Amino acid sequence: MADIPYSKSLRDDIRFDAELCGNRFTFLSTWGIFSPREIDDGTDLLLKYLEINPTDDCFDLGCGYGPVGLVMAKLAPQGQTLMVDKDFMAVEYANRNAGVNKLANARAMLSNGFQHIDKDARFDVIASNIPAKVGKEMMSILLHDMKHHLKPGGRVYLVTINGLREYMKRNLKEVFGNFDKLKQGQSYTVSYAEKHK
């Protein structure tokens, strides 16, 4: 079996460092999780436009191995950050990365969107790098659940491929009554909305 050493090395954790929002992070990941070797362009753009206060309670929807959620946890040391993903491996690595980066105020759990989140839980910030193929029905559920789980004055930061920018504009206006395009890059758009008091 000549391929055994090769396949064994592929099973080892992937490890890389990244500087995000002025802080250095170390990430562990593995094959099968989104963008396992580096911070993807959408996430990188999203993080440039996130505004987090030190006391914010934050929610990372579709966390992967945790880059967005862990940045929010670092920027909001007096708040709590909850990260969720429907992929159990992503959740495992997000929790490991919270430990690697000594962020005791961050944790990840398995959930399909907000399906397994306490209905009374409320957050100051919800951020997500939303997959393009999530589907209209699930997107509608997610946006309405985001509004439900935000505190009054809470903020939503979403990054999507440019092809979804008009869709996001229309739907954020419908659900939240407001919308702001923070940045349209070459491939991705960062959208923003807030829950009015």
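Student: Before we start, what counts as buried?
Tutor: Buried means under 20% relative accessible area, exposed means over 50%, and partly exposed is in between. Keep in mind that this is a predicted model.

Student: OK. How many residues of H3 are buried?
Tutor: Seven of the nine residues of H3 are buried, so the rest of the structure largely encloses this helix.

Student: Which ones are they? I mean the buried residues of H3.
Tutor: They are Pro67, Val68, Gly69, Leu70, Val71, Met72 and Ala73.

Student: Where do the axes of H2 and H3 stand relative to each other, and at what angle do they cross?
Tutor: H2 covers residues 41–49 and H3 covers residues 67–75. Their axes come within 10 Å and cross at roughly 20°. The two helices are therefore roughly parallel to each other.

Student: Is the crossing of H2 and H3 left-handed or right-handed?
Tutor: H2 passes H3 in a right-handed crossing. On the H2 side, the contact is made by Thr43, Leu46 and Leu47. On the H3 side, Pro67, Val68 and Val71 take part.

Student: What classes of residue make up the contact of H2 with H3?
Tutor: The contact has five nonpolar residues, one polar residue and no charged residues.

Student: Let me pick on Thr43. Buried or exposed?
Tutor: Thr43 sits in helix H2. Its relative accessible area is 4%, so Thr43 is buried.

Student: What is Thr43 in contact with, leaving aside its neighbours within four places in sequence?
Tutor: With those neighbours set aside, Thr43 is in contact with Pro67, Val68 and Asn129. Pro67 and Val68 are among the buried residues of H3.

Student: And Tyr49, where is that?
Tutor: Tyr49 is also placed in helix H2. Tyr49 has a relative accessible area of 28%, so it is partly exposed.

Student: What does Tyr49 touch beyond four places in sequence?
Tutor: Leaving aside neighbours within four places in sequence, Tyr49 is in contact with Tyr157, Leu182, Lys183 and Val190. Tyr157 is 108 residues from Tyr49 along the chain, and their C-alpha atoms are separated by 8.2 Å.

Student: Which hand is the crossing of H5 and H6?
Tutor: That crossing is right-handed.

Student: Which residues meet there, between H5 and H6?
Tutor: From H5 there are Lys136, Met139, Leu143, His144, Met146 and Lys147. From H6 there are Tyr167, Met168, Asn171, Leu172, Val175 and Phe176. By class, the residues of this contact divide into eight nonpolar, two polar and two charged.

Student: What about Leu142, buried or exposed?
Tutor: Leu142 belongs to H5, which runs over residues 136–149. With a relative accessible area of 5%, Leu142 is buried. Setting aside neighbours within four places in sequence, Leu142 is in contact with Leu61, Gly113, Phe114 and Val134. The C-alpha atoms of Leu142 and Phe114 are separated by 7.3 Å, and the two residues are 28 apart along the chain.

Student: Now Glu174, buried or exposed?
Tutor: Glu174 is in helix H6, residues 165–176. Its relative accessibility is 62%, so Glu174 counts as exposed.

Student: How far apart are the C-alpha atoms of Glu174 and Phe88?
Tutor: They are separated by 32 Å, and the residues are 86 apart along the chain.

Student: What is phi for Ser35 and for Lys102?
Tutor: For Ser35, phi is near 45°, a positive value in a residue other than glycine. Lys102 is not a glycine either, and its phi is positive at about 55°.

Student: Where are Ser35 and Lys102?
Tutor: Ser35 is in the loop between strand S2 (23–29) and H2. Lys102 is in the loop between helix H4 (88–100) and strand S5 (106–110). At 72% relative accessibility, Lys102 counts as exposed.

Student: Last one. Which residues does the UniProt domain annotation cover?
Tutor: The unreviewed UniProt entry has the annotation "domain: Methyltransferase small" over residues 25–190. That span is 34% helix and 28% strand, and its end C-alpha atoms lie 22 Å apart.

Conventions:
Residues numbered from 1 in each chain as written. Predicted model: local features only at pLDDT ≥ 70, side-chain atom pairs only at ≥ 80, totals over all residues. Heavy atoms only, no water. Axes fitted to C-alpha atoms, helices over the stretch in contact; angles between N-to-C directions. Helix = DSSP H or I, 4+ residues; strand = E, 2+ residues; numbered from the N terminus. Parallel < 35°, antiparallel > 145°, perpendicular 65-115°, else oblique. Left-handed = near helix turned anticlockwise from the far one by under 90°. Contact = heavy atoms within 4.5 Å. Nonpolar A, V, L, I, M, F, W, Y, C, P; charged D, E, K, R; others polar. UniProt positions renumbered as here; feature names shortened; annotations may be inferred. Buried < 20%, exposed > 50% of the residue type's maximum accessible area, 1.4 Å probe, protein only.
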